[in-house]
Amino acid sequence: PLFRSKREIGFEFEDLAKKYLLDKGMRYIESNFYTRYGEIDLIFTDEDEKILVFVEVRYRKNAEFGEPIETIDRRKLEKIIISSQIYIKEKRWKQNVRYDVIGIKKDKSGNNKIDWIKNAF
């Protein structure tokens, strides 16, 4: 379609991030975990299942107005953290957790450039 919603575009880039992380050896758990406080884009485990990783996916058409990661403000951070605490409690997770960000932007050639920031916050 000519016009796609932000949500459809978001799912497309979350899928791209998911494939990227799978290629890097991460183990996929689930996508789009919703709470009344917000949503976790992607959830993975890393390093032999010992670390639960909450992934925020950010996309920008270009870096003219800054990097994708710079679009995460304090309110967004709080929503991610509260939502992740709900997940941890629901799943009774007892191991370590980590918060990563996948930033995706177009390079000069129009290709997607992916930045993976581990322990972003």
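Among the contacts between residues at least 6 apart in the sequence of this chain, 52% join residues at least 24 apart. The model is a predicted one.

**Overall form**

The chain is built from two helices and five strands. Their order along the sequence is α-β-β-β-α-β-β. The C-alpha trace spans about 45 × 30 × 30 Å along its principal axes. For 121 residues, a compact globule would have a radius of gyration near 14 Å, and the chain agrees with this because its own value is 14 Å.

Of the 121 residues, 33% are buried. The chain exposes about 7,900 Å², and carbon and sulfur atoms supply 49% of that area.

Strand β2 covers residues 38–46. How many of its nine residues are buried? The count is nine of the nine, so β2 is largely enclosed by the rest of the structure.

Strand β2 pairs with β1 and also with β3. Strand β1, residues 27–35, runs antiparallel to β2, and seven bridges join them. Within this pairing, E30 has I43 of β2 as its bridge partner. The hairpin that joins β1 to β2 passes through two residues.

On the pairing with β3, residues 51–60, the sense is again antiparallel, with five bridges. Here L42 stands opposite V55 of β3. The hairpin of β2 and β3 has four residues between the strands, and E47 in the turn has a positive phi of about 50°.

**Strands β4 and β5**

Strand β4, residues 96–106, and strand β5, residues 112–117, form an antiparallel pair over six bridges. K106 stands opposite N112 in β5. Which residue in the hairpin of β4 and β5 takes a positive phi? This is G110, with a phi near 85°, in a hairpin that has five residues between the strands.

**The pairings side by side**

| Strand pair | Sense | Bridges |
|---|---|---|
| β1 (residues 27–35) and β2 | antiparallel | seven bridges |
| β2 and β3 (residues 51–60) | antiparallel | five bridges |
| β4 (residues 96–106) and β5 (residues 112–117) | antiparallel | six bridges |

The β1 to β2 hairpin goes through two residues, the β2 and β3 hairpin has four residues between its strands, and the β4 and β5 hairpin has five.

Note on methods: Residues numbered from 1 in each chain as written. Predicted model: local features only at pLDDT ≥ 70, side-chain atom pairs only at ≥ 80, totals over all residues. Heavy atoms only, no water. Rg over C-alpha atoms; globule rule 2.2 N^0.38 Å. Buried < 20%, exposed > 50% of the residue type's maximum accessible area, 1.4 Å probe, protein only. Contact = heavy atoms within 4.5 Å. Areas by Shrake-Rupley, 256 points an atom, 1.4 Å probe, with all protein chains shown as cover. Pairing = 2+ DSSP bridges.
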